[in-house]
Amino acid sequence: VGLSRLLCDTPALLEDSNGQQIWAQTFKGVVGILTSQSFTARDIEDDEADADIGYDATFSRLSLAAKKPDDPFAHVSDPVSVFTQAVQTLSSQRPGVLGPIIQGSLSDDPKLASGFQTMIQQA
């Protein structure tokens with residue numbers, strides 16, 4: 001979600017060729033994350049259910065006492081739709097600019113290209 005906002009809420013990246021290269025590589029990375037097999041919308045699971053409670057004579061980290069990291073985007077239930085909507089909004093604000101950059105960034109990886117196409121169709 002953070003990278004989606006960085007890409008789509010920072011139009012200055014699209015102003016010059018260096019910025020466009022950065023945008024394209026970041027876009028490719030986000031698509032790679034969102035289309036990977038290990039990514040699910042529910043990556044955050046409750047670790048307390050998996051905790052084994054018992055006695056062990058060796059040093060044990062107090063996993064139940066550790067502070068859980070704060071998720072600044074806990075309110076976002078579907079990061080894929082947030083990303084696709086943000087890209088579509090940016091594309092409509094800058095017609096003809098984003099399409100070639102996206103095609104160029106995904107042209108060397110057909111798996112990512114088809115994954116992005118699927119994401120757009122499901123949005």
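These legends walk through several close-up views of one predicted model.

**A note before the views.** This is a predicted model, in which local features need pLDDT of at least 70 and side-chain atom pairs count only at pLDDT 80 or more, while totals for chains, interfaces and linings use all residues. Residues are numbered from 1 along each chain as its sequence is written, and side-chain values use heavy atoms, with hydrogens and water left out.

**View 1. The protein chain has 5 helices and 0 strands.** Helices (H or I, at least four residues) and strands (E, at least two) are DSSP runs, numbered from the N terminus. Read from that end, the elements follow the order α-α-α-α-α. Of the 123 residues in the protein chain, 24% are buried; here buried means under 20% relative accessible area, exposed means over 50%, and partly exposed lies in between (1.4 Å probe, protein chains only). Among contacts (heavy atoms within 4.5 Å) with a separation of 6 or more, 69% join residues 24 or more positions apart. The protein chain exposes about 8,800 Å², and carbon and sulfur atoms supply 52% of that area. Accessible areas come from the Shrake-Rupley method with a 1.4 Å probe, and for residues only the protein chains shown count as cover.

**View 2. The largest nonpolar core holds 21 residues.** A nonpolar core is a set of buried Ala, Val, Leu, Ile, Met, Phe, Trp, Tyr and Cys residues joined through side-chain atoms within 4.5 Å. Look for W23, F27, F83, V87, I102 and F116, the residues with the most contacts inside this core. At least two core residues come from each of α1 (2–8), α2, α3 (79–93), α4 (98–106) and α5 (110–122). Helix α2 gives the largest share, 6 residues. For a closer look, centre on F116: leaving out residues up to four places away in sequence, F116 touches F27, V31, T35, F83, V87, I102 and L106.

**View 3. Helix α2 packs its buried residues against α1, α3, α4 and α5.** Those buried residues are G19, W23, A24, F27, K28, V30, V31 and L34.

**View 4. L3, L6 and I33 form a nonpolar patch on the surface.** Together these residues have about 250 Å² of accessible area. Patches are made of residues with over 30% relative accessible area and no salt bridge; like charges are joined within 9 Å, and nonpolar side chains (Val, Leu, Ile, Met, Phe, Trp, Tyr) within 5 Å. I33 sits in helix α2 (residues 17–35) and is partly exposed, with a relative accessible area of 47%.

**View 5. V1 lies in the segment before α1.** With a relative accessibility of 25%, V1 counts as partly exposed. Not counting residues up to four places away in sequence, V1 touches F73, V76, P79 and V82. The C-alpha atoms of V1 and P79 are 5.9 Å apart, although 78 residues separate the two along the chain.

**View 6. S4, in helix α1, is buried at 3% relative accessibility.** Apart from its neighbours within four places in sequence, S4 is in contact with D9 and F83. D9 also forms a salt bridge with R5, the closest N and O atoms being 3.4 Å apart. A salt bridge is a side-chain nitrogen of Lys or Arg within 4 Å of a carboxyl oxygen of Asp or Glu. R5 is partly exposed, with a relative accessible area of 48%.

**View 7. E15 forms a salt bridge with R94.** The closest N and O atoms of this pair are 3.0 Å apart. The pair links distant parts of the chain, with E15 in the loop between α1 and α2 and R94 in the loop between α3 and α4, 79 residues apart. E15 counts as exposed at 53% relative accessibility, whereas R94 is partly exposed at 24%.

**View 8. K28 forms a salt bridge with D108.** Here too the closest N and O atoms are 3.0 Å apart. K28 lies in helix α2 and D108 in the loop between α4 and α5, so the pair ties together parts that are 80 residues apart in sequence. K28 is among the buried residues of α2, while D108 is exposed, with a relative accessible area of 55%. The structure holds 3 salt bridges.
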